[in-house]
Amino acid sequence: MTELGKNSAIDKALDYFIKEISNGNWKVGEKIPSENKLTALTGVSRSSIRSAIQQSIGIGAMESFHGRGTYLLTSDMTGLGQLTSTINLREDTLRSFLEFRLIIETGIAGLAAIRRTQKQLNELTSLFKNMQKYKGNKNKFVLYDVLFHESIAKASDNNFALMTIMDAYKKQNDVFYAFNDEFGFEDGIYYHKKIINAIEKKDASAAKSSMHDHLKHAIDRLGYS
């Protein structure tokens with residue numbers, strides 16, 4: 001799906017939310033239909049429904065409870081009506097950040113495979129084990145995910161690469177949580193294992209290929225290719 005198509009689908013979902021609230025079908029304090037039900041009702045993908053719900057949660061219109069579903073907190077639709085520009089910005093941010101990482105981190109992984117020290121490899125291994133340990137704990141998993149990629153940048157022994165990565169990560173840290181919401185934990189573990197295996201073997205080509213596949217998979221899965 002193209003970015004325009006994805007945004008249009010989210011807009012369609014939001015329009016449906018607004019209509020249901022306006023018609024009184026969705027009442028404050030009550031649970032809204034499930035993602036699967038909303039997909040059937042609107043004809044848009046579940047990922048677009050999820051994005052629309054997350055945006056609604058972000059402005060305080062809804063709240064989600066684990067195992068219980070999502071509830072409507074207000075009938076004020078002003079914020080929902082203003083979401084389109086927010087969504088477009090967020091979709092553009094996700095796409096741009098992934099493309100940036102694909103361009104920069106592929107080369108960094110290759111340098112890290114060539115230049116890493118045993119101490120740096122041990123650090124990467126420890127961070128990866130923590131990702132495995134905290135599978136299911138989003139906050140800790142994302143923390144070690146970010147540290148893993150920063151550690152690769154350090155192992156590249158290129159100060160410009162390290163500064164660029166750390167600055168970008170600091171400014172877009174929330175994007176990693178969005179990625180985790182979309183992909184869960186298994187994707188990260190699978191690709192990080194391939195990356196660390198290549199770096200351990202000092203195989204620059206495999207390290208670059210694994211990092212490229214990791215980020216390209218995310219781009220393709222989000223419909224940005």
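1. In helix H10, the buried residues (under 20% relative accessible area, with a 1.4 Å probe and protein chains only) are Gly188, Ile189, Tyr191, His192, Ile195, Ile196, Ala198 and Ile199. An α-helix has 3.6 residues a turn, so residues three or four places apart point the same way.

2. The model is predicted, with local features requiring pLDDT of at least 70 and totals for linings using all residues. Residues are numbered from 1 along each chain as its sequence is written.

3. H10 covers residues 186-200, and its 15 residues reach 21 Å from the first C-alpha to the last, close to the 21 Å expected (1.5 Å times one less than the number of residues). After H10 comes Lys202, which has a positive phi near 55°.

4. The structure holds 1 cavity of 30 Å³ or more, a cavity being a set of points on a 1 Å grid over the protein atoms alone where a 1.4 Å probe fits but cannot get out. The largest cavity contains about 220 Å³ of space, and among its 20 lining residues (those with an atom within 4 Å of a point) Asp145, Phe179, Phe183, Gly188 and His214 lie nearest its centre. H10 is one of the helices that each supply at least two residues of this lining, together with H5, H7, H9 and H11.

5. The largest pocket (an open set with protein on both sides within 12 Å along at least five of seven lines) holds about 500 Å³ of space. Of the 17 residues that line the largest pocket, Glu35, Arg50, Gln54, Ser64 and Thr70 lie nearest its centre, and H3 gives the most to the lining, with 4 residues.

Notes
Predicted model: local features only at pLDDT ≥ 70, side-chain atom pairs only at ≥ 80, totals over all residues. Heavy atoms only, no water. Buried < 20%, exposed > 50% of the residue type's maximum accessible area, 1.4 Å probe, protein only. Points joined across faces, edges and corners; volume = space filled by probe spheres on them.
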